[in-house]
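We'll start with a helix and then move on to a single side chain.

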Amino acid sequence: MRRLIPFASLFLLGLTVNAQDKTSQKDVITLERGACFGTCPIYKVTVASDGKVTFEGFNYTKTKGKATARIRQGDFKKLVKEFEKIKYFSLDDKYEPGEPSCGQSATDMPFVKSSIRLKDKTKSISHYQGCFGSEIVRSLFALDRKIDEVARTAKWIK
């Protein structure tokens with residue numbers, strides 16, 4: 001019986017940690033920047049509601065591989081408000097050249113993918129940075145910049 005107590009304690013501790021991880025990671029925002037015909041930084045950044053920021057640099061970034069940091073939980077909530085402001089969940093899933101939603105476009109620019117998971121709602125949008133004739137796309141560009149700003153990705157890119 002005495003031998004079982006340490007194992008039972010470890011088991012219960014594991015359940016508690018696992019439950020905390022699931023709740024703290026439930027709400028997440030991500031931003032992924034893709035390749036262009038040049039030296040555009042290629043990376044993915046994830047911002048969790050508990051304040052954890054995970055950066056993964058792939059190419060043309062100062063930091064290659066993973067890096068982590070923390071932000072205030074209030075900053076995550078501010079980001080969520082930015083998504084709400086542009087009615088993110090009601091937007092199309094992609095904005096690409098040739099589609100009316102893109103408007104005019106330039107070539108050789110990267111694709112950007114943003115996503116948000118809040119409670120049971122998930123949405124991701126892929127858009128081409130060369131699209132510039134649409135107000136919605138301009139709003140997505142502004143949202144991308146805000147995610148980078150809050151996550152402080154510049155320290156890993158430049």
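Which exposed residues sit on the face of H2 turned away from its buried side? Keep in mind that this is a predicted model. On that outward face you'll find Lys77, Lys81, Glu84 and Lys85.

The buried residues of H2 are Asp75, Phe76, Leu79, Val80 and Phe83. Looking down the axis of H2, these buried residues fall within an arc of 150°, so they line one face of the helix. What lies over them? The cover includes the strands S1 (28–33), S2 (42–48) and S6 (111–118), along with helix H3 (135–151).

As for the helix itself, H2 runs over residues 73–85, which makes 13 residues. From first C-alpha to last, H2 reaches 19 Å, close to the expected 18 Å. Just past the end of H2, check Lys87: its phi is positive, at about 55°.

Next, go to strand S1, part of that cover, and pick out Arg33, which lies in this strand. Is Arg33 buried or exposed? Its relative accessibility is 14%, and buried means under 20%, so Arg33 counts as buried.

How values were computed
Residues numbered from 1 in each chain as written. Predicted model: local features only at pLDDT ≥ 70, side-chain atom pairs only at ≥ 80, totals over all residues. Heavy atoms only, no water. Helix = DSSP H or I, 4+ residues; strand = E, 2+ residues; numbered from the N terminus. Expected span 1.5 Å × (residues − 1). Buried < 20%, exposed > 50% of the residue type's maximum accessible area, 1.4 Å probe, protein only. Arc of directions from axis to C-beta. Contact = heavy atoms within 4.5 Å.
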